[in-house]
Amino acid sequence: MSDILKIENLTVAAEETELLHGVDLAVGEGETHVLMGQNGAGKSTLGSTIMGSPEYKVTGGKIIFDGEDITEESADKRAKRGIFLSFQNPVEIPGITLSEFLRNAAEQQTGKRVKLWDHKKKLAAAMEVLGMDSSYADRDLNVGFSGGEKKKAEILQLLILKPRFAILDETDSGLDVDAVKTVSKGIEEYRKSVGGTLLVITHNAKILEELSVDATHILVNGRIAKEGDGKLAADVLENGFEKYVGEEN
Ligand code: ADP
Ligand code: MG
């Protein structure tokens, strides 16, 4: 399969400090890849850089998406191309309902108006997949939501926005077993109905069990230290990162 994302020798800095030191990464269209690494390895930095966050400065290398060099492109344009990043800590927005937020996001992504009726129909279907009570649609975004409900709201974005390339940054952290199952179900539905590509940052054994993982990348101190198939993720969960620390160069 052709690569939807190709990162070549990427170096990234924030506030004069280099955080990524020459990352190479290729993700085939329609595949599910897992990115793992110890705290502070640079996983979120890489995710934000792919999304085009102005917080991070690319000092060398390239990001190619769908055959085009997007290294210098704004986050806004990247979102229009179908690149999506879920946040590790979802924001609460009083005064805007979950439904309104998702409709706005869909309109921003396509640059077109989304009819309220169409939106409501799609939203109801997606909420059913995630086992969310329909009343959540009219509640203020994430305000008073439990951790699990916030994560479900994120997965809803996947099902409504249908991005071509989704980066999920520890979407599963702090979830109970049932919520992890629901999140996995939402991800499966996204894969099936959208045929989307995923880069999942996680250390959650349950999520990894439920997903069918095509490739695993291990980030150590701002470099990819090891790559392999789905089994590598399982190995890291069992034996830790120690043996990969020091292999990077
Ligand atoms: P991970 O997601 O793998 O835990 P991060 O990408 O969040 O790691 O962080 C990698 C390193 O970069 C950490 O040492 C972190 O403190 C540092 N870092 C992240 N963002 C910034 C920033 N905006 N400015 C300065 N340092 C940062
Ligand atoms: Mg992180």
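# Close-up views of a predicted model

At 81% relative accessibility, Glu16 counts as exposed, because the cut-off for that word is over 50%. The model shown here is predicted.

View 1. Glu16 sits in the loop that joins strand E1 (3-14) to strand E2 (17-28). Glu15 has its place in the loop between E1 and E2 too. With a relative accessible area of 76%, Glu15 is exposed. Look at the backbone of Glu15: its phi is near 45 degrees, a positive value in a residue other than glycine. Now look along the chain to Lys206, which is 190 residues apart from Glu16. The C-alpha atoms of Glu16 and Lys206 are separated by 38 Å.

View 2. Strands of a sheet pair through backbone hydrogen bonds, either parallel or antiparallel. In this sheet the order is E2-E1-E4-E5, and the pairing is antiparallel. Which strands stand at the edges? They are E2 and strand E5 (68-69). Each has a single partner strand, so one side of each is left without a neighbour in the sheet. Two bridges join E4 and E5, in the antiparallel sense. Opposite Asp69 in E5 stands Ile64.

View 3. The shell around ligand 1 holds 13 residues. Gly40, Lys43, Thr45, Glu55 and Tyr56 come nearest. By class, the shell divides into four nonpolar, six polar and three charged residues. Which helix gives the most to this shell? Helix H1 (residues 43-51) does, with three residues.

**View 4. Polar atoms approach ligand 1.** Start with the side chains. A polar side-chain atom of Glu55 lies 2.8 Å from a nitrogen atom of ligand 1. For Tyr56, a polar side-chain atom also lies 2.8 Å from a nitrogen atom of the ligand. Gly42 uses its backbone: an N or O atom there lies 3.0 Å from an oxygen atom of ligand 1. How much of ligand 1 does the protein bury? Taken alone, ligand 1 exposes 560 Å², and the protein buries 66% of that.

**View 5. Two aromatic pairs meet edge-to-face.** A pair of aromatic rings is described by the distance of the centres and the angle of the planes. The structure holds two such pairs. In one, the rings of Phe65 and Phe165 have centres 6.1 Å apart and planes at 80 degrees, so the pair is edge-to-face. This pair links distant parts of the chain. Phe65 belongs to strand E4 (residues 57-65), Phe165 belongs to strand E9 (residues 165-169), and the two are 100 residues apart. Are Phe65 and Phe165 buried or exposed? Both are buried. The rings of Tyr136 and Phe145 have their centres 5.3 Å apart. Their planes stand at 85 degrees, so this pair is edge-to-face. Tyr136 and Phe145 are buried.

View 6. Asn142 is in the loop between strand E8 (140-141) and helix H5 (147-161). Its phi is positive, about 65 degrees, although Asn142 is not a glycine. Asn142 is buried, with a relative accessible area of 5%. Arg139 is found in the loop between helix H4 (116-129) and E8. At 30% relative accessibility, Arg139 counts as partly exposed. His217 is 78 residues apart from Arg139 along the chain. Their C-alpha atoms are separated by 38 Å.

**View 7. Strand E11 is covered on both faces.** How many of the six residues of strand E11 (residues 215-220) are buried? Six of its six residues are. Ala215, His217 and Leu219 lie on one side, with Thr216, Ile218 and Val220 on the other.

**View 8. E11 pairs with E3 and with E12.** Strand E3 (residues 32-36) and E11 run parallel, joined by four bridges. Here Leu35 stands opposite His217. E11 and strand E12 (residues 223-228) pair in the antiparallel sense over five bridges. Leu219 stands opposite Ile224 in E12. The hairpin of E11 and E12 has two residues between the strands. In this hairpin, Asn221 takes a positive phi near 45 degrees.

Notes
Residues numbered from 1 in each chain as written. Chains lettered and ligands numbered in written order. Predicted model: local features only at pLDDT ≥ 70, side-chain atom pairs only at ≥ 80, totals over all residues. Heavy atoms only, no water. Near = heavy atom within 4 Å. Polar contact = N/O pair within 3.5 Å; in protein donor to acceptor, adjacent residues only side chain to side chain. Areas by Shrake-Rupley, 256 points an atom, 1.4 Å probe, with all protein chains shown as cover. Nonpolar A, V, L, I, M, F, W, Y, C, P; charged D, E, K, R; others polar. Phe/Tyr/Trp six-rings, centres within 6.5 Å; stacked < 30°, edge-to-face > 60°. Buried < 20%, exposed > 50% of the residue type's maximum accessible area, 1.4 Å probe, protein only. Pairing = 2+ DSSP bridges.
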